[in-house]
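Here's a quick briefing to read with the model open in your viewer. Have a look first, then go through the notes by topic.

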Amino acid sequence: MSDSYLRHYAGARVLVTGGAGAIGGNLSRALLDAGAAEVTILDDLSSAARWTVPQDPRVVLLVASVLDERDLKRAFAGRPATVFHLAALFANQNSIDHPEDDLMVNGLGTLKVLQYAHLTGVERMVYASSGCSVYGKSPLPLREEFLSIDLATPYQITKMLGELYANFYRNFYGVQTVRTRFFNSFGPGEIPGRYRNVIPNFIYWAMRGEPLPITGTGEETRDWTFVGDIVDGLLRAGAMKEALGEAFNLASGLETRVIDVASWINEATGNKAGVRYIERRKWDDKDRLLASIDKARSVLGYEARTDLKAGLGQTVEWFRANWRDIQETARF
Ligand SMILES: NC(=O)c1ccc[n+]([C@@H]2O[C@H](COP(=O)([O-])OP(=O)(O)OC[C@H]3O[C@@H](n4cnc5c(N)ncnc54)[C@H](O)[C@@H]3O)[C@@H](O)[C@H]2O)c1
């Protein structure tokens, strides 16, 4: 497969909002590897830490909010050609507990980033949407055209809202937007915590020798996607002309049971404490999740290359290498 899309970033100036986060940190590193001249990271570090920010002289870190006009002006002053908008209040449970913050950051924050993209004439803005959000309970495998307005949490609503704003700015002002819909990202760089995804949290409990808490029966499936594959899809979405105006699922295209993921993590970490079952969360209404990646494959040449077990192995290695920092940073 040609990697010509990577050449697009050589010498480029790029803005990554949320660039210190689980996916944003990996994306920023990939942009530096592709030869970007400058990667500006606009992140208020509300769910990330300084130690996860890539250390490179080409990184300009602005510890600030996407809601702050002065900081947005600073972020766009470098005239980025491409903006990856990943900053968000993450995720479902957090939005149930803090619905107004969710609307401010994910709704108004996205509107402001689009407004600056428009005013400063950026070439492209790639928006991080969520496939686990915008499809509701549509039939599987989830395809890009299956949208639902019966969504289960404020986060799901505001992820959809961001897509609607992206379309408005494209249709009305001609901002070149691409909407990417991630499914259950996991991998090195995600610090566990109360509102974080299940995989980093399982690894955290496993490394502490505690039973892994399963909310539900464990038979539920998810389409777990290695962060490196999501980053590869983002780089394609930010560079290829065929992507403009489109929405793409970035997923593995495979479903795996929660209980299997828990067992593999216990095996990989040598945790003998097993699992424990706790009540399913009221908003968590999906027994299965599976995305179609046909469109990303045919239009972008995207493939999910990292096998789940290999990705889990890399994630456990990252936990071992950063265990002290992780324990100090994780908030439950
Ligand atoms: N991780 C997933 O499985 C997944 C799935 C679907 C969609 N997404 C979307 O992808 C994006 C990245 O997700 P992630 O897993 O890296 O989450 P993350 O929480 O690690 O990253 C988001 C980053 O945004 C920052 N942030 C929060 N509020 C901010 C604000 N007001 N101003 C500036 N920065 C702010 C946080 O500090 C964090 O570093 C998010 O938009 C998320 O909604 C993630």
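**Helix H5 and its bend**

Helix H5 bends by about 30° at Gly109, where the bend is the angle between axes fitted to the seven residues ending there and the seven starting there. Keep in mind that this is a predicted model: local features need pLDDT of at least 70, side-chain atom pairs count only at pLDDT 80 or more, and totals for chains, interfaces and linings use all residues. Residues are numbered from 1 along each chain as its sequence is written. Helices (H or I, at least four residues) and strands (E, at least two) are DSSP runs, numbered from the N terminus.

- H5 has 21 residues and spans 29 Å from first C-alpha to last, close to the 30 Å expected at 1.5 Å a residue; that expected span is 1.5 Å times one less than the number of residues.
- Gly109 also turns up among the buried residues of H5, which include Asp102, Val105 and Leu114.
- Here, "buried" needs 20 or more other C-beta atoms within 10 Å of a residue's own, "exposed" means 12 or fewer, and "partly exposed" is in between, with C-beta atoms placed from the backbone.

**Strand E1 and its partners**

- Strand E1 (residues 13-17) is mostly covered, with four of its five residues buried.
- E1 pairs with strand E2 (residues 38-42) in the parallel sense, over five bridges; for two strands to pair, DSSP has to find at least two bridges between them.
- Across that pairing, Leu15 sits opposite Thr40 of E2.
- To get from E1 to E2 the chain goes through helix H2 (residues 22-33), and this β-α-β crossover is right-handed: with the strands pointing away from the viewer, the path from the first strand over the helix to the second runs clockwise.
- E1 also runs parallel to strand E4 (residues 82-85), joined by four bridges, and Val14 has Thr82 as its bridge partner there.

**Around the ligand**

- The ligand is surrounded by 31 residues, the closest being Gly18, Gly21, Ala48, Ala88 and Ser130; a residue counts as near if its C-beta atom, placed from the backbone, lies within 6 Å.
- H2, H5 and strand E5 (124-130) each supply at least two residues of this shell, and H2 gives the most, with three.
- By class, the shell has 16 nonpolar, twelve polar and three charged residues.

**Phe172**

- Phe172 belongs to helix H7 (residues 154-173).
- Phe172 counts as exposed because it has 9 other C-beta atoms within 10 Å.

Terms used. Nonpolar A, V, L, I, M, F, W, Y, C, P; charged D, E, K, R; others polar.
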